[in-house]
Amino acid sequence: MRRRVVQSLSRAWWAGLGAVGLPRERWDALPVTRRRAVKAGLWVAIFLVLVALFGVWKISALAVGAVIFVLLAPAWDRLTIRGWRIGKWFAPAAVIAIVAAYPYYVNSMPEVPLFGPFPQLSTLVVMTIFTMMALGLNFVVGYAGLLDLGYVAFYAMGAYMAGWFASSQFSKQHLNIGAIGLYPGATGFHFSIWLVLPMAGIATAVVGVLIGLPTLRLRGDYLAIVTLGFGEILPQIARNGDNLFGTGFNLTNGTGGITPIDGPGFGNWLGHHLHLPANFLTAGDLDSVFLWTGIVLVLITVFCSARLRDSRLGRAWIAIREDEVAAAAMGVPLMRTKTWAYATGAFFGGVAGAYYASYKSGAFPDDFFFQISVFILAMVILGGMGNIWGVIFGACFLTYLDREGLSNIGTQINNSFGTNLDVPKYEFGIFGIIIVVVMLFRPEGLIPSSRRAAELHEGVHDEPLYDAEIA
Amino acid sequence: MATNVSAHAPLRAKRSASSYVLPTAAALLLGLLLLWLGVNFVKGPAYFFTISFIGLTNGAVYALVALGYTLVYGILELINFAHGDLFMLGGMISATMLITVFGLKAHSSTGALVVALLGSLAVAMVACGLINASIEFVAYRPLRGAPRLAPLITAVGMSFILQNVAIAWKGPSYIAIPNVLPTGNVFSIAGVVYTWEKLIVIIVTLPVLFALLWLVLRTRQGKAMRATAQDRDAAAMMGINVNRTISFTFLIAGGLAGAAGLLYALYFGQVRYDTGFSLGLIAFTAAVLGGIGNLPGAVLGAVSIGFIQAYNDGLTWHAPGSDWTQSIVFAILILILVFRPEGLLGERTPEGA
């Protein structure tokens with residue numbers, strides 16, 4: 001059905017072009033490079049016309065067009081220099097460069113039709129954080145094929161780790177390990193955020209293992225519900241933890257949350273000699289340094305994702321995802337492998353949570369709702385389960401929609417049609433529709449991993465195997 | 001199933017070592033629970049009974065929702081995540097019917113009340129049943145052959161969509177339902193109070209439960225449902241229209257959710273878009289506690305959870321209080337799933353759950 005529609009569309013397209021003297025034969029006869037250039041030029045032209053007609057034109061639109069053209073027109077991925085295939089690094093390097101330089105040109109961008117202005121810097125920071133979380137969830141859902149509906153628990157755990165070890169929460173303690181920018185005589189644990197990030201990751205991974213050990217032998221759908229349960233219990237502990245079990249011990253400061261949390265920084269000496277910001281929170285361009293740090297963290301996550309996926313462990317995950325019985329028969333230890341997936345996913349969730357807490361300078365129990373778990377799950381599903389590029393795209397796009405896109409789109413719609421819709425109110429309904437539509441029509445996501453796509457279309461042996469009887 | 005046997009065989013030996021630990025721990029936990037209940041009982045017997053009646057009433061509402069989970073799980077092995085939100089929609093539909101259509105106010109006459117109740121019940125049940133059947137048709141049926149997690153993920157998506165439908169329809173704040181039920185006491189003996197509103201919840205619930213049992217156990221359609229739940233392929237070979245049977249099951253489950261929605265709206269007096277999410281999870285826990293796929297089990301589990309919740313929220317001596325209700329319910333869910341996935345009444349299947 002879909003293929004027939006596409007075919008007839010393409011036939012109509014070529015018939016139209018033939019009518020104006022551009023028959024298909026002439027196009028096919030062109031060299032590949034020229035065809036790529038024409039296609040790229042066409043897209044850029046469409047973009048520019050749309051911006052000029054429906055957006056807000058700025059001269060920088062031409063620069064954006066030029067960058068898109070340069071990126072799309074030559075076949076960069078085929079680039080080889082002295083036998084080194086550096087071409088495959090071109091696209092990632094270009095993306096990193098463009099994102100890293102974003103603070104320098106964000107204020108001179110044109111406005112795109114429908115979506116409105118380009119996202120603000122703070123949105124980009126949050127994008128990097130949610131990209132980390134989505135990549136973390138991708139270990140569990142994408143690689144190992146275990147549905148985790150309580151990922152927000154790991155995020156909360158990371159955030160509260162930052163709250164405990166980089167704020168004045170425990171006011172009876174005095175411990176300062178490399179923290180930056182404290183007022184003299186600050187009480188509580190104050191570890192440097194660079195120390196807190198791995199600590200949060202490890203603590204969260206331990207929690208992940210503790211949650212995983214009893215539950216991972218459950219069948220997939222039961223596992224999803226149990227993770228959901230943990231995802232509700234941990235935030236409830238955070239909410240009620242200001243007087244834990246009537247002992248008067250204030251663990252989490254209850255609904256007030258823990259705030260303020262220290263910012264990262266490199267200290268005066270390093271800051272002075274290496275021109276790194278001494279303290280992010282007092283740096284002039286706060287969001288930029290958080291963005292650059294976030295990019296580095298995402299790069300580390302991507303590196304771990306890619307290397308782990310291709311490792312022995314990663315292949316074991318994929319084997320379990322595709323056929324648990326066959327994997328077990330080939331000697332893959334099910335429990336251990338699944339637990340590792342859980343721990344790895346939890347680790348990155350914890351790091352992202354701690355970083356987010358440091359960026360927001362607070363950990364509040366109201367941030368940790370089931371909706372966030374599904375929000376992150378929607379990122380993974382939309383982009384493409386198991387595909388790093390897809391997950392990054394999904395995370396960035398949905399975070400953008402969440403923070404700015406929906407209200408921008410709503411404003412644009414209301415202005416053009418004179419309606420009075422409150423689009424952000426329907427945010428989670430829109431995410432629900434995204435999930436349902438993607439699962440029904442393109443379960444492999446927008447940027448699929450070919451292996452996952454084959455699985456979802458051809459089906460796999462999906463019956464679970466229990467490697468241990470209960471107790 | 002041969003793989004299961006071989007995987008289990010070497011572990012049987014290990015089991016004997018740890019087999020004392022778990023029953024002992026369970027017995028200890030149960031003993032502590034009984035002790036706690038006993039002390040509370042001694043401290044205020046009348047109050048304890050009053051609280052128990054609240055628990056029974058909660059349990060009746062939970063039972064209707066839990067049966068929906070259990071019916072659907074029994075036939076499709078799908079956790080219908082959107083079921084709780086369907087129940088919430090049922091509550092909103094009933095609220096609209098009661099207030100706007102029948103124009104009920106506090107202290108309406110008994111005749112008007114009965115008519116309005118029956119009318120709202122019918123409308124809510126039919127509407128929710130149809131919504132549930134169409135959800136199955138749109139979101140779950142195309143994924144029948146897909147990996148098991150795919151329909152669960154769409155169910156999560158559907159749950160969000162239903163919540164947003166409610167937001168779009170009624171807004172994000174609580175809608176209040178006036179206290180239309182008679183509030184007097186049925187009896188008040190030695191401080192034990194039983195009010196009419198609680199009795200009415202039971203009066204509506206019991207016939208619905210018996211009708212369901214009759215439907216599943218005595219009718220041809222019920223036989224088809226049971227056959228489909230046992231083995232879909234074999235049922236199809238015996239000439240059962242499997243798709244229609246599944247649709248019918250969703251219709252029934254939706255109807256139960258609608259009835260539960262009406263009772264909830266009447267008894268608790270307020271509904272909000274996220275009411276269904278939390279209550280749905282409680283009801284799912286109840287279904288698992290009783291043994292998912294098992295109809296009497298769902299009722300038993302729901303009543304147990306109702307009691308547990310009422311005691312936790314209401315008792316005075318060392319009760320964790322309503323701040324922890326959600327955590328306690330989930331802890332029960334996790335413990336049951338991990339240690340006794342077949343539930344209280346369920347039979348142990350080769351699949352282990």
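Is helix 7 of chain A mostly covered or mostly uncovered, and how many of its residues are buried? In this predicted model, helix 7 of chain A is mostly covered, with 20 of its 23 residues buried.

Helix 7 of chain A, which runs over residues 121-143, spans 31 Å from its first C-alpha to its last, close to the 33 Å expected at 1.5 Å a residue. The helix bends by about 35° at A:Leu137, and it is followed by A:Gly145, whose phi is positive and near 70°.

Helix 15 of chain A covers residues 334-360 and reaches 39 Å between its first and last C-alpha atoms, close to the expected 39 Å. Because 24 of its 27 residues are buried, helix 15 of chain A is largely enclosed by the rest of the structure.

## Backbone features

Just after helix 15 of chain A comes A:Ser361, with a positive phi of about 60°, and this residue is placed in the loop between helix 15 and helix 16 (370-383) of chain A. A:Ser361 counts as partly exposed because it has 16 C-beta neighbours inside 10 Å. In chain B, B:Glu77 likewise has a positive phi, near 55°, in a residue other than glycine; B:Glu77 lies in the loop between helix 3 and helix 4 (83-101) of chain B, and is partly exposed, with 17 other C-beta atoms within 10 Å.

A cis peptide bond, with omega of about -5°, joins A:Thr259 to A:Pro260, and A:Pro260 lies in the loop between helix 10 (220-240) and helix 11 (267-274) of chain A. Such features deserve a note because most residues other than glycine have a negative phi, and most peptide bonds are trans.

## A helix pair in chain B

Helix 3 (residues 45-76) and helix 7 (residues 196-218) of chain B pack at an angle of about 35°, their axes being 10 Å apart, and their crossing is left-handed. The residues of this contact comprise ten nonpolar, two polar and one charged. Among them, B:Phe53, B:Val61 and B:Leu67 belong to helix 3 of chain B, while B:Lys198, B:Ile202 and B:Leu212 belong to helix 7 of chain B.

## A buried alanine

B:Ala265 is found in helix 10 (residues 242-268) of chain B, and this alanine is classed as buried because 29 other C-beta atoms lie within 10 Å. Leaving aside residues up to four places away in sequence, B:Ala265 touches B:Gly91, B:Ser94, B:Ala95, B:Ile177 and B:Val271. By contrast, the C-alpha atoms of B:Ala265 and B:Phe248, 17 residues apart along the chain, are separated by 26 Å.

Technical notes:
Residues are numbered from 1 along each chain as its sequence is written. Chains are lettered from A and ligands numbered from 1 in the order in which they are written. This is a predicted model: local features need pLDDT of at least 70, side-chain atom pairs count only at pLDDT 80 or more; totals for chains, interfaces and linings use all residues. Helices (H or I, at least four residues) and strands (E, at least two) are DSSP runs, numbered from the N terminus. The expected span of a helix is 1.5 Å times one less than its number of residues. The bend at a residue is the angle between axes fitted to the seven residues ending there and the seven starting there. A residue is buried if 20 or more other C-beta atoms lie within 10 Å of its own, exposed if 12 or fewer, and partly exposed in between; C-beta atoms are placed from the backbone. Axes are lines fitted to C-alpha atoms, for helices over the stretch in contact, and angles run from 0 to 180 degrees between N-to-C directions. A crossing is left-handed if the near helix is turned anticlockwise from the far one by less than a right angle, and right-handed if clockwise. Two residues are in contact if their C-beta atoms, placed from the backbone, lie within 7 Å. Ala, Val, Leu, Ile, Met, Phe, Trp, Tyr, Cys and Pro count as nonpolar, Asp, Glu, Lys and Arg as charged, and the others, Gly among them, as polar.
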